[in-house]
Every structure is written in structure tokens, then in C-alpha cells.
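Please consider the structure shown here.

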Amino acid sequence: MKKIIQIISYTLFPLVLLVLFFQGKPELTPKEIITKANNLRYGETSIGGMDMTLVRPTWKRSISMKMWTKGTDYSMVIITAPAKEKGQVFMKREVEMWNWIPKISRMIKLPPSTMTQGWMGSDYTNDDMMNEGSLIDKFTHKLIKTEVFENMNCWVIESTPSEDSDVIWGKKTSWISQDGFFTLKTESYDEDMYLVKTEIASEIIQMGGKRLPSKFEIIPEDDPGNKTIVVLKDIVFDTEIKDSFFSQQNMKRIR
Amino acid sequence: MCYVFYLIAQNTPTQNTPTHQHTNTPTHQHMEILKIAWRNIWRNKQRTLITASSLMFAVIFGVAMRSLQLGTYDKMIDSAVRQYSGFIQIQDTSYWKEKTIDDLMIDSIELQKAITEIDGVTSVLPRLESFALIASGEKTKGAFFQGIDPLLDDEMTGLSSKMVKGNFLKPNDEGILVSYRLSSYLGISINDTIVLMSQGYHGVTSANIFPVRGIIKIPNPKIDRALIIGSIKTVQEFYGAENMLTSMVINIPSKNDIEVILPKIKNLIKSKNLKTITWTDMNKELKQQIESDNGGGIIMLIILYIVVFFGILGTIIMMTAERQKEFGVMVALGMQKSYLALIVLFETLFLGMIGAFTGAIVSLLIILNFYNSPIHITGEMADIYEQFGIEPVLAFSADMGILVNQFIVVFSLLVIAVIYPMVKIKSFKIIDALHK
């Protein structure tokens, strides 16, 4: 009996050591990388203020807004400027998206057919607003290479939608920095694998207790000279927000 | 019959008798020829009536067909141009290509004034137009939201006369007018409020509530299903496009003035980022539709002419054949062939006059009648017209040019046909003719 234990411990010990050695520098799976990057941006919950600027060849326009998010299922946006659009609220609740326009006292459910249309005239589509975060579960992720982007070592992860998902993209390629998990660049391709748009994140600063990029640019491929810039003004992470906050009643109340 | 021969005998130059000295004067001879010709055509009343009536009907059909066609085109142009686009517009250089609310021009009062001062320009109408969703209760529909200067626009389009309910817009009115079919789809009437939603200038969310001031009936059913009209100020505010316009419509009395006025306007906007566009460019589809339809009409007309021509030729050949003996006798008695030919020519011209003139008078009555009271089409045929976006009315044109043209064409057909007897008279042998 003693001998058996001895033999086992002799054989097991190196094995355990071996295992420990390889776990000492654990490799992250591509899915974990994406999840981490996404959590950095939104946290458990977030309350943030931001400015969105639409850039067109001949003109520019800015919109200010405040955004509440909880997980990937709930988000609420209220427009705070300009005066003409102030008070408009958009809410995403699971798979539905609603729009409250106080001027006409109307609650509008955005129909699925409008999902590929620009949100507030920007290069953000309504689908972008809706599916933010759904990237993780509806896609399968593959690490294709590591690359230096903007002086940072990045994982380049290709995400292709799983067969049964209702995603409009053919694939997405993300550049995620190994240091800090910043999603520095995302390329979105359509079903024919043509590049549709590129998102670039920059200006990494300390905000809300984290280091994170504060400037996001969306550049559509087939409209030269067009882009949308979102700048994060302030953000608070992980304060408690109840699910009931994201309700139609509350859309009419929040300021 | 004998009298005719007597006259002929008296009028041939070789047979002059002392008692008829005066017949030597050419004018008198011509008068005699006319007299003989006139009497000749009434010798065979039946033949005359057949030939004359075939000419008459040719003119009537030709005129009625052209008048109906051109009248329909006028109606189409009128509903597209006079009631909406105008003959000339000024726009931002990039507006026409995509017609988005982002390519607007500045509402400059100076420019408006300068153009109004051009000779021949009645007025300059500011316009701002785009699409919007109109909603009332549970019903929603896409519609065309047009901002106008109520007073100026009414002068050109006569919109206020098309009101079926309520009042026309006052300047800077905050209410709107809704087209008749659209209002009945939404189930709204005057003093109701409706919701309009759209994307405005530079992507602004446009949404507001408007009271309905009146219901307006537009003849073109396609437009009548989707038109909302507001005062220019209200529409500018709605789209967040204060002091902006999609176009300035230049109101001129007739399309014939375009060539004179256009260069003057071009001169005024030379240094600005603006361009002029004429009704033919704005209504390309309409223009092509008219052109192709007009082509078909002309082919029909040519077929009609061919039929008429052979009809006339037939009667004339018949007449020539019937009168071979008569011609032979007259020439044998000493009448010059050229005189005979002249008489036949005048006979034919008289025939043509009788036929074509009665035709012209009858067709004039017809087109004037239908011009004043156009035929309204009903039932299934009306639906077909509406599907093409045309008002279901058979309109006639009262353009006198059509009448003159048809008259000239039919008359020239006759003149061509008369070549046959001329040649025949010149070439017949007396001995053969006498034996016929």
C-alpha cells in the first residue's frame, strides 16, 4: 500500500508540476479576449455622457447624449443637445428597440426593417445600437494573428456568425490590444465579404476608474468623406441599475 | 350640258366672235373658267358629294385625333408643370441628382427680388419639399411634404380653387393642407391634428404635430394620394432648415418664354453654387412618354392620309374615265388642252374647298364643344388612367394650328391626286376619246 502511494506520488508529482508550469502563463481563448474587451467598455452597468459628431463632405453636426447600459441586454439613450432634438429617448430591451419623441408624445417601436438604417442620421446603424455585445454569443471567434497596431501589440480576432444567428454581418475582424484589452479597430464585412465599415478607437485615458479609449470613429467604406465620431465625456461603471429602469414608463420620465 | 359646250366654244381663243370682243381680256377668261368649273362639279352631284365628304371626314378625323392627343399632352404638361414644377427652377447644384434634404440652397430675398425684376417673370416661388411619415391614430403613410408661399404659389398653381373643405393657408400658417385621397385614407378632416415625422436637414430628427386647415383635391391621383402642403416657414422649421429652400420656381406665362428668360437668370446666379433646370429636364419621363405617344399618333395619321389619298385618287380616276368622251368632244371642237386641264384643276380645287371647309367647320365645332366640356371617363377605364397617374379626362386641344395643318395636308393630298387627270388630258388622243 505504501509502495503504491509512493509510486503514484512519484509519477504524479512531475505531472502536477508539468500542468502547473503550463498554467503559469495561461493562454486566453479568443472568446475570452473579446468578452474582456467588451466588459472593459461597458462594465456590468455604465452611465456615460458622450458627444457624437456626424462628419459629411460638406457639413458637420454634433449631438450630445447620455447613455445607460446594463449587461448587453439593456440600454437607454437620451439626447441632451441640440435643443431641437433634446428629450428624445431610445431604449433597447433585449431584442426590441423603442423610440420616444416627446414633441409628438409618441412611443415608436423601431421595426426590424429599419435596423440597417443610420441611427440619428449617423453611420451607426440601429443594428449597431441593438446588437452591441451580441457579438460574443452569436459569433464564433478565431485568433488569426498578432500584430502591432498604433504602437500596441494586438490580437487580431476574426469573428464569424454562427449558422443560426440573425446577424447581418458576414464577419468582423477585431484588433484587441494585449495590454489593457482595448478594442482598437473593428472591421465589419457584409455577406459577400466586402468591407462595409471600420471602427477605430483612440485616445486612451483614465476614466471611471479604468483606462479606456475615449474616442471612437466609424468610417463607412462606400461613402467617402463620411464618418461619425463619438467622444466619451464621462462615464461611471458598475453602479446599481434595476432592470425596471429600462421601461417605457421610465423613457418618458428620465432627464 | 349644251350650255357648257356653248360656253366652251365661246371661250376658246380661236372661236372669238365680234359680239364677244371683251372675252379676249384674260381676267374675264379666268372668270369664265371658274364659272365653268363650278357648274361642272354640280353636273354629277353624287360624285361631287362622295369626293367632298371623303375629304370632309379626313379633315374631321385628322383634327379630332390630333386635338385629342395634343389636348391630353397639354393636360399632362399642365398638371406636371403649371400645377407643380413650373417651367424653370433654380436649385443647389447637387440637389437634382439625389434630391436629399441635405442639398439645399439659401433662401435669399435679394435673389428672389432680382429674378422677379426680369422682364417676363411673373413671380418667384420659394419651395422646400421632402418626404415625411404622416400619422393619425393607428394609420401611417409616407407622404410628400411641400412648403410653399401660399399667396405666390396660388397665383401660379391655382391651388386654392382645388380646396374641397376648410380654408387655404395664410402666409406663415402653422397648419397644413392634406390632399383628398390621403385624408380619406387616414380618416382625417379639418381641425384634426396629425403627426409628421421625418429626417430633416443634416440628419435632424423632424417630428411635430400639425392642425389640418383644409383638404385639397389634386387632379393627378398619384399626387392626390400623398401630398401635404404647409407654409414655407412651417416646413423650414419642421425640417430644421431655417432660411433654406430646395428650389425657387420661376413662374413665367408660357413655355415659349424660356429661351429669353433663361440666360438672364443664369447670368444672375453665375457666381453662386446654383443651377437652373427647365421643365423638360425635370419631367423627362413625361416628355418621353409624350414623344413616343406622339410618334404613334403621327403613324396613325399617316395611315389615315394614305387611305384618304387613295379614296380621292379613286374618284378622280373614275371621273376622268367617265368624261373621256366629253374631253374628246371639247378638244375636237377646238378647245385648247391647257384650258381643259385648267378647268379640271379648278373643279378639283372647288371640290377640295367644299370638302375641306365643311370638314374644318364641323371639326371646329366638335373640338370647341369638347374643349369646353371635356369627356370624363368613369369605371374601369378611369382606373387604368389613374394607374398611369393621369387625370381620367379626354381633353381636346383648341389650338387652331391643328385645324390649319389638317386643312393644308388634306388639300395638298388633293392637289397631288389631280396630277393624274392633268397628265391624262395632256396625253389623250381625240380619236380614241371620241370612240369611247
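In chain B, among contacts with a separation of 6 or more, 79% are between residues 24 or more positions apart. The model is a predicted one. Chain B is built with 18 helices and 14 strands, and 48% of its 436 residues count as buried.

The next topic is the interface between the chains. The size of an interface is often given as the accessible area lost when the parts come together. Chain A and chain B bury about 1,300 Å² between them, and 58% of this lies on carbon and sulfur atoms. On the side of chain B, the residues that lose the most area to chain A are B:His202, B:Thr205 and B:Ala207, which together account for 39% of what that side buries. In terms of contacts, 18 residues of chain B meet 13 residues of chain A.

Helix α6 of chain B illustrates how a helix can be read by its sides. Within residues 150-157, which make up this helix, B:Pro150, B:Leu152, B:Asp153, B:Met156 and B:Thr157 are buried. These residues lie on the same side of α6(B), because they cover an arc of only 165° around the axis. The exposed residues B:Leu151 and B:Glu155 are carried on the face turned away from that buried side. What do the buried residues of α6(B) pack against? Their partners in chain B are α3 (45-85), α5 (109-116), β3 (123-136), β4 (139-148), β9 (227-231) and β11 (247-251). After the helix comes B:Gly158, with a positive phi near 60°.

A pair of aromatic rings is described by the distance of the centres and the angle of the planes. Over all chains, the whole structure contains 21 aromatic pairs. In one of them, the ring centres of B:Trp38 and B:Phe350 are 5.3 Å apart and the planes stand at 75°, so this pair is edge-to-face. Because B:Trp38 belongs to helix α2 (residues 26-41) and B:Phe350 to helix α14 (residues 337-372) of chain B, the pair ties together parts that are 312 residues apart in sequence. B:Trp38 itself counts as partly exposed, at 40% relative accessibility. The rings of B:Phe238 and B:Tyr239 also form an edge-to-face pair, with centres 4.9 Å apart and planes at 75°. Here B:Phe238 is buried at 2% relative accessibility, and B:Tyr239 is buried at 0%.

In chain A, one aromatic cluster is formed by A:Trp68, A:Tyr74, A:Phe245 and A:Phe246. Lysines also sit over rings: A:Lys210 lies over the face of A:Phe237, 3.8 Å from the ring centre, and the charged end of B:Lys337 is placed over the ring of B:Phe428, 4.8 Å from its centre.

The backbone remains to be considered. Most residues other than glycine have a negative phi, and most peptide bonds are trans. The bond from A:Ala81 to A:Pro82 is cis, with omega near 0°, and A:Pro82 is found in the loop between β3 (74-81) and β4 (89-93) of chain A. A:Phe181 has a positive phi, near 55°, in the loop between β9 (171-177) and β10 (183-189) of chain A. Is A:Phe181 buried or exposed? A:Phe181 counts as buried, because its relative accessibility is 16% and the cut-off for buried is under 20%. B:Lys99, also not a glycine, has a positive phi of about 55°, and B:Lys99 counts as partly exposed at 44% relative accessibility.

How values were computed:
Residues numbered from 1 in each chain as written. Chains lettered and ligands numbered in written order. Predicted model: local features only at pLDDT ≥ 70, side-chain atom pairs only at ≥ 80, totals over all residues. Heavy atoms only, no water. Phe/Tyr/Trp six-rings, centres within 6.5 Å; stacked < 30°, edge-to-face > 60°. Helix = DSSP H or I, 4+ residues; strand = E, 2+ residues; numbered from the N terminus. Buried < 20%, exposed > 50% of the residue type's maximum accessible area, 1.4 Å probe, protein only. Lys NZ or Arg CZ within 6 Å of the ring centre and 35° of its normal. Arc of directions from axis to C-beta. Contact = heavy atoms within 4.5 Å. Buried area = accessible area lost by both parts, 1.4 Å probe.
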